[in-house]
Amino acid sequence: MKRVFVFLTLSTTVAAFATHAQTTTGESVSVSNLEAPARTFFPHNWVRGYTDFSVAPSHNEPDLGRCMFPQPANAGGTASMCTAYARYLYSGYIEFQPMGRTLARHFFLFFEPKFSFGRNIPQLTYTASMAPIAYDRSIGIGFQLPRNFELRATQHQVDWLGRYGRSLGTADLHTNGSYGLYATFGVRWSFGGYGRQGAPTAY
């Protein structure tokens with residue numbers, strides 16, 4: 001019993017010391033961050049974002065809205081050229097906020113690309129092919145507001161890749177891609193600290 005008591009006492013003491021050390025370090029970092037003003041050009045983390053690679057299992061392929069489903073009988077069945085059901089998705093998001101001071105520090109540019117690859121026809125053929133299908137992208141400008149709000153202007157477009165640049169037979173809907181070409185003006189609200197870790201201090 002004494003050994004257990006001694007062990008618990010030592011463990012508690014070590015844990016308390018470690019917590020105190022982390023708190024002290026965090027406070028010193030915060031103080032140093034407050035003391036060091038942001039650079040006018042290219043402040044810390046002025047470029048930030050993420051990349052993502054996803055694989056869709058069979059019978060779950062994303063439909064890019066290019067091909068009829070079910071396909072007409074004269075489309076060729078498994079030999080149909082219209083196979084715009086993706087197996088792989090490679091995407092990302094990147095923000096550029098090159099100004100660290102003045103009102104300009106609230107402005108940022110963003111770019112969100114997505115590439116689709118595959119060669120599948122639901123209920124007919126499923127492959128592991130990485131044939132290019134489409135390049136879907138959004139690009140725009142934003143302005144940071146107080147309380148984690150942002151104003152955003154976005155332009156979206158889809159470019160068909162490879163053989164999808166031409167007509168693919170009777171199953172081809174000849175669409176201009178998922179959601180097509182559009183522009184939007186919107187407001188975004190982030191909460192719980194999401195998206196604010198790398199951004200320069202705005203307000």
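1. A salt bridge is taken here as a side-chain nitrogen of Lys or Arg lying within 4 Å of a carboxyl oxygen of Asp or Glu. By that criterion Asp-172 forms a salt bridge with Arg-66, the closest N and O atoms being 2.6 Å apart. The pair links distant parts of the chain, 106 residues apart, with Asp-172 in the loop between strand 5 (149–160) and strand 6 (182–189) and Arg-66 in the loop between strand 1 and strand 2. Both Asp-172 and Arg-66 are buried. The model is a predicted one, and the points below should be read with that in mind.

2. As for the overall fold, six strands form an open sheet in the order 1-2-3-4-5-6, and the pairing is antiparallel. Strand 1 and strand 6 stand at the edges with a single partner strand each, so one side of each is left without a neighbour in the sheet. Neighbouring strands of this sheet are turned against each other by 15° on average, direction ignored.

3. Within the sheet, strand 3 (residues 107–117) and strand 4 (residues 132–145) pair in the antiparallel sense over eleven bridges. Lys-114 stands opposite Asp-136, the latter belonging to strand 4.

4. The structure holds six salt bridges. One of them joins Arg-48 to Glu-95, with the closest N and O atoms 3.0 Å apart; this pair links distant parts of the chain, since Arg-48 is in strand 1 (residues 47–55) and Glu-95 in strand 2, 47 residues apart. Arg-48 and Glu-95 are both buried.

5. Glu-95 also forms a salt bridge with Arg-152, where the closest N and O atoms are 3.3 Å apart. Because Glu-95 lies in strand 2 and Arg-152 in strand 5, the pair ties together parts that are 57 residues apart in sequence. Arg-152, like Glu-95, is buried. Arg-48, Glu-95, Glu-150 and Arg-152 are linked in a network of salt bridges.

6. Turning to the surface, Val-47, Phe-96, Phe-107, Leu-109 and Ile-141 form a nonpolar patch, with about 400 Å² of accessible area together. Phe-96 is found in strand 2 (residues 88–96), the strand that also holds Glu-95. Phe-96 has a relative accessibility of 30% and therefore counts as partly exposed, the category between buried, under 20%, and exposed, over 50%.

Definitions and conventions
Residues are numbered from 1 along each chain as its sequence is written. This is a predicted model: local features need pLDDT of at least 70, side-chain atom pairs count only at pLDDT 80 or more; totals for chains, interfaces and linings use all residues. Side-chain values use heavy atoms; hydrogens and water are left out. Patches are made of residues with over 30% relative accessible area and no salt bridge: like charges are joined within 9 Å, nonpolar side chains (Val, Leu, Ile, Met, Phe, Trp, Tyr) within 5 Å. Accessible areas come from the Shrake-Rupley method with a 1.4 Å probe; for residues, only the protein chains shown count as cover. Helices (H or I, at least four residues) and strands (E, at least two) are DSSP runs, numbered from the N terminus. Buried means under 20% relative accessible area, exposed over 50%, partly exposed in between (1.4 Å probe, protein chains only). Two strands pair if DSSP finds at least two bridges between them. Axes are lines fitted to C-alpha atoms, for helices over the stretch in contact, and angles run from 0 to 180 degrees between N-to-C directions.
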